[in-house]
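Hello,

Here is the structure I promised to pass on to you. Please open it first, and then read my notes below alongside it.

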Amino acid sequence: MSADAGKREAARSALQFVEEGSIIGVGTGSTVNHFIDLLASEGPRIKAAVSSSEASTERLEGHGIEVMELNASGDLDLYVDGADESNRLLQLIKGGGGALTREKIIAGASRRFVCIADRSKLVRALGEFPLPVEVIPMARSFVARQLKELGGIPNWRENFITDNGNQIIDVSGLTIAEPIKLEDTINAIPGVVTVGLFARRGADVLLLGGEDGVERIDRR
Ligand SMILES: O=C(CO)[C@H](O)[C@H](O)COP(=O)(O)O
């Protein structure tokens, strides 16, 4: 089974969490694109979605699904999103698609975060995938120096601007032994908008699509 087929099966499995007539949070990425398409074709009819990116908004609206502002929806019962890596505690690295800040906001405003991914995203320790950090543009070089002091190798994602008008630094080489501590440390650097470590607010349920079907892991 290809990774993409695994993503699609995980996305299909997330439909069971969607309530008819509800407002749900929707993440960003190729796995979420499957979720949006499947929701439109075979899922329950929702009232509206709160979207984490312009790309997902466009896809949702293309299917005739109403997109609502988080300011208007209030807190949500469900958020469905993908991840670049997850450990068994359901702490995540996210932001490969650059939507990490809005994703973290909607995850924080949701009672249940269902993460969908293909099986290759489950890792023993976070950190092989370069950690995305969204930064205010004028702070980029300063933040990069701070990230170097933490032992990372910062790499500016050139020619990429986030939906919030900011830039992304992808950090490799970091040892992420204590994800919550590192999340707090990076978030405290002036000029950092968000780090793509979702350790304080990880997922509640992880659905992993692969050869043997969809494995479900619940947060302990
Ligand atoms: O965090 C994200 C976007 O900012 C995505 O969830 C993450 O990059 C996974 O993407 P994909 O589903 O395409 O593998």
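**Helix contacts, domains and ligand**

Let's begin with a pair of helices: in H1, the residues Lys 7, Arg 8, Ala 10, Ala 11 and Arg 12 meet Ser 30, Thr 31, His 34, Phe 35 and Leu 38 of H2. Sorted by class, this contact of H1 with H2 holds 4 nonpolar, 3 polar and 3 charged residues. Please keep in mind that this is a predicted model.

How are these two helices placed against each other? Helix H1, residues 3-13, packs on H2 at an angle of about 50°, and their axes are 8 Å apart. Angles under 35 degrees would count as roughly parallel and those from 65 to 115 as roughly perpendicular, so H1 is oblique to H2. The crossing in which H1 passes H2 is right-handed.

H2 also packs with helix H3, which covers residues 54-62; here the angle is about 20° and the axes lie 10 Å apart. Because angles under 35 degrees count as roughly parallel, H2 is roughly parallel to H3. H2 and H3 make a right-handed crossing. On the H2 side, Val 32, Asn 33 and Ile 36 take part, and they meet Ser 56, Arg 59 and Leu 60 in H3. The contact of H2 with H3 has 3 nonpolar residues, 2 polar and 1 charged.

Now for the ligand. Which residues come nearest to it? They are Gly 29, Thr 31, Gly 82, Gly 96 and Gly 97, out of 17 residues around the ligand. Two elements, helix H2 (30-42) and helix H5 (100-108), are the ones that give two or more residues to this shell. By class, the shell is made up of 10 polar, 4 charged and 3 nonpolar residues.

Finally, the domains. Domain 1 is built from two stretches, 3-123 and 200-218, while domain 2 covers 131-195. Taken over C-alpha atoms, the centres of domain 1 and domain 2 are separated by 24 Å. Where they touch, 13 residues of domain 1 are in contact with 13 residues of domain 2. H5 gives the largest share of the domain 1 side, with 4 residues. That side of domain 1 has 6 polar, 4 charged and 3 nonpolar residues.

Enjoy looking around!

Best wishes

Note on methods:
Residues are numbered from 1 along each chain as its sequence is written. This is a predicted model: local features need pLDDT of at least 70, side-chain atom pairs count only at pLDDT 80 or more; totals for chains, interfaces and linings use all residues. A residue is near a molecule or strand if its C-beta atom, placed from the backbone, lies within 6 Å of it. Ala, Val, Leu, Ile, Met, Phe, Trp, Tyr, Cys and Pro count as nonpolar, Asp, Glu, Lys and Arg as charged, and the others, Gly among them, as polar. Domain bounds come from an automatic or database domain assignment. Two residues are in contact if their C-beta atoms, placed from the backbone, lie within 7 Å. Axes are lines fitted to C-alpha atoms, for helices over the stretch in contact, and angles run from 0 to 180 degrees between N-to-C directions. Angles under 35 degrees count as roughly parallel, over 145 as roughly antiparallel, 65 to 115 as roughly perpendicular and the rest as oblique. A crossing is left-handed if the near helix is turned anticlockwise from the far one by less than a right angle, and right-handed if clockwise.
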